[in-house]
Amino acid sequence: MSRTALRICPFCEATCGMVLTIDDNERVSSARGDRDDVFSHGFICPKGASFPELDNDPDRLQKPLVRRDGELVETSWAEAFAATAEGLQRVIADTGGSSVAVYLGNPNAHTIAGSLYGPVVIKSLGTRQVYSASTLDQMPKHVSCGYLFGNPLAFTLPDLDRTDYLVVMGANPLVSNGSLATAADFPGKLKALRRRGGTLVVIDPNRTRTAELADRHLAPRPGTDAALLFAVTHVLFDEDLVDLGRLAEHVSGLERVRAAAQDFPPEAVAEHCGVTADEIRTLARELAAAPSAAVYGRIGTSTVEFGTLTSWLVDVVNILTGNLDRPGGVMFASSPIAGAPRPPRPGRGFTTGRWRSRVSGHPEALSELPAVALAEEIETPGDGQVRAMITIAGNPVLSAPDGARLSDALDGVGFMVSVDPYLNETTRHADVILPPPSPSRTAHYDLALSGAAVRNNARYSPPVLPLPEGRPDECEILARLALIVLGMGPDADPTLVDEQVIATTLGKEVADEHSPVAGRSVEELTAMLPEGRGYERRLDMMLRLGPFGDGFGAKPDGLTLQRLKHTPHGVDLGALTPRIPEILRTPSGTIELDPEPILADVPRLHAALTSEPGFLLIGRRHLRSNNSWMHNLPALSGGTNRCTLQIHPDDAARLGLEEMAIVTGPGGKLEVPVEITDAIRPGVVSLPHGWGHSEPGTRMRIAAQHPGVNVNNLNDGTLLDPLSGTAVLNALPVEVAPAG
Ligand SMILES: Nc1nc2c(c(=O)[nH]1)N[C@H]1C(S)=C(S)[C@@H](COP(=O)(O)OP(=O)(O)OC[C@H]3O[C@@H](n4cnc5c(=O)[nH]c(N)nc54)[C@H](O)[C@@H]3O)O[C@H]1N2
Ligand SMILES: Nc1nc2c(c(=O)[nH]1)N[C@H]1C(S)=C(S)[C@@H](COP(=O)(O)OP(=O)(O)OC[C@H]3O[C@@H](n4cnc5c(=O)[nH]c(N)nc54)[C@H](O)[C@@H]3O)O[C@H]1N2
Ligand code: SF4
Ligand SMILES: [Mo]
């Protein structure tokens, strides 16, 4: 008899609830949207619907691999952990934990293990060689929120359900399903906005599916959003449209922003941006006049040369129009696991550059170095050279600039261990691969993403299927890795990690007079946690200490893990509520609108207004794909999911392009099929990322049949947003010519 089970989808930020069917053979055989899910109400996309294929993919590694005589061969878990301990301890004994680099990939934001144990691995190493997909993605947003609010995790989220006027800039949520705005059924929410008489403006050099839905589509030249937003800011000041509303008493630095915006009248940027001064003025006036409005910027505003300035300006415009922290504007989530609110108080503020990368001197941001610096840190001899590598849920050979160079560098690193279900372009360099079990055998709670949800909620999925005997889940794999790094050996009890974290966290909480458990005993609270898995104990602790928690009995109606287990469709915690000033942690206790490092970058932006590049390359995403790792499923490959160069018909005609083009970038050349479309702005070409599955020694058989090319090999990694270390992946200058 088949049965059903509930599971939150872990494949993108939308966090849809699903109903899985489990067949007689204890396999997941189908997935559909859970209509009773309090957050997603039945929505599901093709990736979620492919959960069974992904879960059962025969190329998923079922056993660890260890390199013997140059070959990766299957082995037992005991041997794999022993080989990991031997390899890592050899390097640590020789050059210390600080010579071990860690790269954390995107799925860490979608697993309990990534949130709870990834940081422990890093802390155990004591290394500053920390890299992640963040510097290929959202780091500019962290940095700008860090400066503005003193809190790099205080993301400003568009209040999609209530806004009257939404500007979507450099994002394509109809395909991506949203990012840094966790909203299941983003498409439905945009349609609802229009149905209730609201306005949708999309700013994107490509006429995307999201743009097709909009009331207005502006198609600027890539990389020019900062100038465009500065001009909007200029108009707001110039036409006396600035109205901070309730925030007036909480904002500082307004006059310096006014002064900086003086140099960016619409007429001065229009040509550079490729939109008219009138369009910019209209946008500013409409934003100011709307009863509520939200500007939402994503990848196209982030992975660009002025990523931090753009991210900052997005929120400057939200603030100047009085739309920050009010319903219908941009608001902050209250994550159920983020700790109960404390009284407002000034904080230490945010800074970057507390240390710098060894070779190029890049400043750290959020304790990370730029992903583009990883290859040179491995290659360059000397004190502090990277001698060993740990990758967790990452495929930087395809995701980061200059993959070919990184690939060579990883080949030469002393020892490498990867925690990953696939043998792919990155993990093929590992000496040990530790594969986590499939999602159906893994528990789920969105620790990271609930801090970006556009409606507060808490949902927990226990594992749907049991783990095979002797197989560790990813929490255990990472906990063991941490203990191995600490020199406790491959057989140390992984629950030590959890008990240590629990003791430290509760110790701090009981000593904090503003904590819901102030003055209580750590022993008493520890005894209240559920028996069982360490991650469940930690999750229960976090929920109970959180803003909706039961405070360990103080608020009997509050959240506990037990309560979530009894409400499998989730607990809705309501629309977002205002959080200023409580959320602010700047030294002044205000929203600091004029951060020194950001203002210091403005002259560079101004100088760029006169630059005249040729073709600019941008990226795009496919609905049935996810970065580099979902091309291995028949249901998610083929059709529109193709690695082609989109180019405008006028450009194609001028260049005489027909079938194939040669694209040349700062890092190299690629030959790619041409897709002529008038959706893309002239002077702009687009290639998707995550392709290039033709490397030898991988085990992703379907993906290898349609390998595509690795767009990031066009990139040499020297171009980055200096304030955040984020790679320039969009608006990369390239040349295009016919092949042959
Ligand atoms: N040119 C260009 N490059 C880009 C982008 C772009 O827009 N243009 N986008 C960038 C962005 S936004 C991102 S986030 C990065 C992504 O960069 P990465 O995170 O480095 O790459 P992914 O392709 O997401 O690879 C995810 C890896 O995690 C593995 N994995 C999947 N599920 C699990 C799991 O449950 N546990 C573990 N341990 N592993 C798992 C997969 O097998 C795969 O190896 O790419 C960036 N690169
Ligand atoms: N189906 C699917 N969903 C995904 C992913 C996936 O690979 N496939 N990846 C996931 C990940 S890791 C992330 S981070 C999110 C990303 O989520 P989004 O940011 O919504 O994703 P993109 O489709 O990359 O949208 C970026 C848009 O920016 C535009 N753009 C490029 N350069 C510029 C510019 O200079 N200015 C402006 N204004 N626009 C520009 C591009 O044309 C593109 O339409 O998606 C997530 N969801
Ligand atoms: S939108 Fe995202 S979370 Fe929802 S089903 Fe699709 S991949 Fe899963
Ligand atoms: Mo991402």
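This is a predicted model: local features need pLDDT of at least 70, side-chain atom pairs count only at pLDDT 80 or more; totals for chains, interfaces and linings use all residues.
## Packing of helix 3 against helix 19

Helix 3, which spans residues 77-95, packs against helix 19, residues 474-485, at an angle of about 40°, and the axes of the two helices are 9 Å apart. The crossing of helix 3 past helix 19 is right-handed.

On the side of helix 3 the contact is made by Trp77, Phe81, Thr84, Ala85, Leu88, Gln89 and Ile92, and these meet Ile477, Arg480, Leu481, Ile484 and Val485 of helix 19. Within the listed residues, Arg480 places its charged end over the ring of Phe81, 5.5 Å from the ring centre.

## Aromatic pairs around Phe230

The structure contains eight aromatic pairs. In one of them, Phe230 and Phe264 have ring centres 4.4 Å apart and planes at 5°, and the pair is therefore stacked. Because Phe230 belongs to helix 10 (residues 225-238) while Phe264 lies in the loop between helix 11 (254-261) and helix 12 (266-273), the pair ties together parts that are 34 residues apart in sequence. Phe230 and Phe264 are both buried.

Phe230 also pairs with Trp312, here in an edge-to-face arrangement, with 5.9 Å from centre to centre and 75° between the planes. Since Trp312 is in helix 15 (residues 307-320) and Phe230 in helix 10, this pair ties together parts 82 residues apart in sequence. Trp312, like Phe230, is buried.

## Other ring contacts

Phe11, Phe51 and Trp629 form one aromatic cluster. Elsewhere, Arg538 lies over the face of Tyr117, at 4.9 Å from the ring centre.

Methods
Residues are numbered from 1 along each chain as its sequence is written. Chains are lettered from A and ligands numbered from 1 in the order in which they are written. Side-chain values use heavy atoms; hydrogens and water are left out. Axes are lines fitted to C-alpha atoms, for helices over the stretch in contact, and angles run from 0 to 180 degrees between N-to-C directions. Helices (H or I, at least four residues) and strands (E, at least two) are DSSP runs, numbered from the N terminus. A crossing is left-handed if the near helix is turned anticlockwise from the far one by less than a right angle, and right-handed if clockwise. Contact means heavy atoms within 4.5 Å. Rings of Phe, Tyr and Trp (its six-membered ring) pair if their centres lie within 6.5 Å; planes under 30 degrees apart count as stacked, over 60 as edge-to-face and the rest as tilted. Buried means under 20% relative accessible area, exposed over 50%, partly exposed in between (1.4 Å probe, protein chains only). A charge sits over a ring if NZ of Lys or CZ of Arg is within 6 Å of the ring centre and within 35 degrees of the ring normal.
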